[in-house]
Amino acid sequence: TVPKKRIILLVGVIMAVSVVCWLLTRTYEQSWRTNPLPAPADITGMRVGGQTANGWKVKIVSKEQIGPIVSLFHDSQADPWPKKWLVAYWVELEMAGQKVEVHVYLTGNGPGAFRVNGKYFRGGTDKAFEDRIGGFFR
């Protein structure tokens, strides 16, 4: 039989490892909460593209609408295992000397999904994306 002290030690080690894993997972999740887009004040221009019955259409976004669109992507989280959704909309941001392209996906449930410069995120909602960005194409 196994001595009682060894069983207690083994249980203690397992519990300690479990706590460390939980803390690392929690820290990892929180470290990825982010707003992956620049501040609206840094954006000099924005275009959005969306699928319509006649193909893709592009609209220029007014300065007043930039902030509300950027806010759709606040408090997002990196998605290390993205699914293969179809692009529903794209958003192109222009800043001093550079452009950032965002692909927006409609997931059908849960948080929204999007990609910024090749990195995938979860945040926002399908409804918010449809209302704010899709509204340009109705």
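Modeller: A residue counts as buried under 20% relative accessible area, as exposed over 50%, and as partly exposed in between. The model here is predicted.

Biologist: Why is Val11 called partly exposed?

Modeller: Its relative accessible area is 41%. That value falls between the cut-offs of 20% and 50%, so the middle class applies. Val11 is part of helix α1, residues 4-31.

Biologist: What makes Ile7, Val11 and Met15 a nonpolar patch?

Modeller: Patch members need over 30% relative accessible area, and nonpolar side chains are joined within 5 Å. Together the three residues have about 280 Å² of accessible area on the surface.

Biologist: How do you know that the buried residues of α2 line one face of the helix?

Modeller: The buried residues are Ile66, Ile69 and Val70. Viewed along the axis of α2, they fall within an arc of 95°, so they line one face. An α-helix has 3.6 residues a turn, so residues three or four places apart point the same way. The buried residues of α2 pack against β2 and α3.

Biologist: Which elements supply at least two residues each to the largest nonpolar core?

Modeller: That core has 26 residues, and those with the most contacts inside it include Met46, Phe73 and Ile133. The suppliers are β2, α2, β5, β6 and β7. Strand β5 gives the most, five residues.

Biologist: What makes Glu92 and Arg47 a salt bridge?

Modeller: The cut-off is 4 Å between a side-chain nitrogen of Lys or Arg and a carboxyl oxygen of Asp or Glu. The closest N and O atoms of Glu92 and Arg47 are 3.0 Å apart, so the pair qualifies. It links distant parts of the chain, with Glu92 in strand β5 and Arg47 in strand β2, 45 residues apart.

Biologist: Is Glu92 buried or exposed?

Modeller: Glu92 has 9% relative accessibility and therefore counts as buried, the limit being 20%.

Biologist: Why is the contact of Lys127 with Asp131 called a salt bridge?

Modeller: The N to O distance is 2.7 Å, which is within 4 Å, so the term applies. Both residues lie in helix α3, four residues apart, about one turn of the helix.

Biologist: Why is Lys127 called exposed, and why is Asp131 called partly exposed?

Modeller: Lys127 has 58% relative accessibility and so counts as exposed, since the limit is over 50%. Asp131 has a relative accessible area of 44% and is therefore partly exposed.

How values were computed. Residues numbered from 1 in each chain as written. Predicted model: local features only at pLDDT ≥ 70, side-chain atom pairs only at ≥ 80, totals over all residues. Heavy atoms only, no water. Core = buried A, V, L, I, M, F, W, Y, C linked by side-chain atoms within 4.5 Å. Buried < 20%, exposed > 50% of the residue type's maximum accessible area, 1.4 Å probe, protein only. Patch = residues over 30% accessible without salt bridge, like charges linked within 9 Å, V, L, I, M, F, W, Y side chains within 5 Å. Areas by Shrake-Rupley, 256 points an atom, 1.4 Å probe, with all protein chains shown as cover. Arc of directions from axis to C-beta. Contact = heavy atoms within 4.5 Å.
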